Amino acid sequence: MLFVSLTITAQDMKEGFAYLETGNYTKAEAYFKNILKAYPDNKTARLCYGRAVGLNGNPKKGALLFTDLLEDYPNDFEVKLNYGESLLWNNDFNKAKIYFKGLIEEDAKSFPALLSYANTLSNLKEYEDALTYVNKALKVSPGNPNALTSKKYIYLGYAYQKQQAQQYEEAEEYLKENLKLFEDDKDTLLNLANLYLIAGQFDKAESTYNTISKNPENRLTSLNGLALVAHLKGKEKDALQLSEQAFESLNFDTDAILVQQTTERYIQALIWNKKFKTANSLINDLIKSRPNENWLLSLRATLNIYKSEFKKSVNDYNRILVNDSSSFDGNLGKANALKAIGLYDDAYKSAQNTLTFYEKQKDASNFIKTLNTTFTPFLETKGSYSFDNGDNKAFGVQTKMEYPTSTKFKWLANFGYRTTSNKVTDNEATSNDFSLGLAYQLLPNITFNGTAGVTSAKANTSDYTQLVSNLSLNIKPFKLQVLDIGYKSEIQSFNAELLDREIVMNNLYANYSLSTNFNLGWFTQYFYTWQNDDNARNLLFTSLYYNILPKPSLKAGLNYQYITFKNQVPTVYFSPEKFNAGEVFINVIKDENIAKTKEWFYELTAATGLQYIEDDSSQSTYRIQAKLGFKFSDHALLNLFGARSNIASATAAGFTYTELGLRFKWYLFNKPVFR
């Protein structure tokens, strides 16, 4: 607040000054209005009346009063200062910037002019210059509390600006400078904790929330923050424990805003821990009395996303946006829900809307970045070397390309080269595969994939070319369910002898996947195959598993496989009349799509069990599959992979198969070609 002259004239105005100083602007306005009836030309009364009017919710009228004063007293510096402040009341910051700069040129030591200029620059987000001038004000009036408060908020604004630009170290530096001025300041500590959360520095965020808790009045705020940190660390049980502690300590004296924040965090923690029934009950109870509050609608939408009820989530997010078109939760939450149901163009639009209101916001930017990656053309090359205890060896290279031209359509191409040999039988063969195709999203929940091409082979006794194809539909019939049905023709190419025989396999297949909200999952695959050697095969594979941990993904389960062939030709290829195999497995994975740039990703599967070939005695089995990779950038990753198994033996004596390889994936552009 600027200072006005308190010189007492013939009329005593101490009472009115007191109203202004204590912020009682309604009484101040009435008081000075009465004074001006008796003394209409009193400059001090006019100044005080203009301030009272402007600060009492009528800034335009206040500015007009000071404009009139300026006409009457064009050279009065105090009037000029108050007129300049009226520009700030009306958010006319560009005009105020020019005006206060002129006042500083007139009097470079004017504390009010320097401070008002600093505040003007801060409102214009010109924080570097704002710091310069608030420091000049503090040189004129060292330790002035108004200037120190302005400096605090300039630092907060500057830090937020750096945070938005993802210049986290500089943002941290400004916030720490603030803490030197105001030790353990709650606003600064909250901004610092939020910075650490955004930067992924969760230990520092946890330490900052613990500092906040030193003040007993901030205990609930601290617990709410610590619960969020625990969630981001993947410690969901700890998050629930902390949020329960905060929620149970609420009482009638708790500030209403803090009650809402604590209740919201507790419900979120219930959702994170998949306690959907309790969360739903709490949300419904609150919505009965507050049916259209955005924070409750957002919680219900979040709950439905976790339950894969995405259409219900979209409905709630739409209601939020009717209430507030700039809502962050409404815009970005809707984008996530739309993406989940396959409405990618609409998802892009909602995410862009988020950035319209929250420029450079990290979550919205990352959402668009992830979605862009989904539709960016890429090349993937994989080289592998394999061998088995039947003296078969093989080397292969396969390259595939996906080239999306819209969110619904992409071109597919694949090229493969493979050479296989057996020194014992002196067989060698080479095959080349080439195919072209497309993928098209027919409906949000149905995508067609189709490829056609040729396989050419050169073996000991024959050279040939065969047409091959793969046609399929990917269907999401209900929530948490995926069904693939298709037809695929291919050449039997496991070893040189099979390639030489030119055995064409025609497959009808179906894959069905079911997930649940209680961590159980089920996957089933069925193949019916008929071949040009008059043989036919039925293959059934089913897997029941339990998700133990979400990050990294850890699951364990049971697999069962059944195979039967119409004709048994064991001297040519594995073709039992009946084959049964069961195994227990454990799988841990950090997916490459989750891994950040300059980060490792991996997968390991280990399994053991029993297999039964015909009516022979059981044989023990094992299977190990591993992958280790590194994401060099947003556009390139590389991984090693390997597998070793003795399942599905060709003879009763047993069979082992080993494969080692290297895979490279490269995104051709920075973003989709259609954006």
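## Val504 and its surroundings

Val504 touches Gln466, Glu490, Ile491, Trp530, Gln531 and Asn532, leaving out residues up to four places away in sequence; contact means heavy atoms within 4.5 Å. The model is predicted: local features need pLDDT of at least 70, side-chain atom pairs count only at pLDDT 80 or more, and totals for chains, interfaces and linings use all residues. Residues are numbered from 1 along each chain as its sequence is written, and side-chain values use heavy atoms, with hydrogens and water left out.

Val504 lies in strand 8 (residues 504-515). Helices (H or I, at least four residues) and strands (E, at least two) are DSSP runs, numbered from the N terminus. Val504 is buried, at 10% relative accessibility. Buried means under 20% relative accessible area, exposed over 50%, and partly exposed in between (1.4 Å probe, protein chains only). Glu490 is 14 residues from Val504 in sequence, and their C-alpha atoms are 5.8 Å apart.

## Helices 2 and 3

Helix 2 (residues 25-38) and helix 3 (residues 43-55) have axes that come within 8 Å and cross at roughly 145°. Axes are lines fitted to C-alpha atoms, for helices over the stretch in contact; angles run from 0 to 180 degrees between N-to-C directions. Helix 2 contributes Tyr25, Ala28, Glu29, Phe32, Lys33, Ile35 and Leu36 to the contact. Helix 3 supplies Ala45, Arg46, Cys48, Tyr49, Ala52, Val53 and Leu55. By class, the contact has 11 nonpolar, no polar and 3 charged residues. Ala, Val, Leu, Ile, Met, Phe, Trp, Tyr, Cys and Pro count as nonpolar, Asp, Glu, Lys and Arg as charged, and the others, Gly among them, as polar.

Arg46 sits in helix 3. Arg46 is buried, with a relative accessible area of 17%. Beyond its neighbours within four places in sequence, Arg46 contacts Leu36, Pro40, Asp41, Asp68, Leu69, Asp72 and Tyr73.

## Strand 1 and its partners

Strand 1 (residues 378-388) pairs antiparallel with strand 16 (residues 657-667) over 11 bridges. Pairing requires at least two DSSP bridges between the strands. Thr381 has Phe664 of strand 16 as its bridge partner.

Strand 1 also pairs antiparallel with strand 2 (residues 392-404), over 10 bridges. Here Ser384 stands opposite Gly396. The hairpin of strands 1 and 2 has 3 residues between the strands, and Asp391 takes a positive phi near 70°.

## Nonpolar cores

The largest nonpolar core has 71 residues; Tyr133, Ile154, Tyr209 and Ile267 touch the most other members. Such a core is a set of buried Ala, Val, Leu, Ile, Met, Phe, Trp, Tyr and Cys residues joined through side-chain atoms within 4.5 Å. A second, separate core of 19 residues includes Leu297, Ala351, Ala364 and Ile368.
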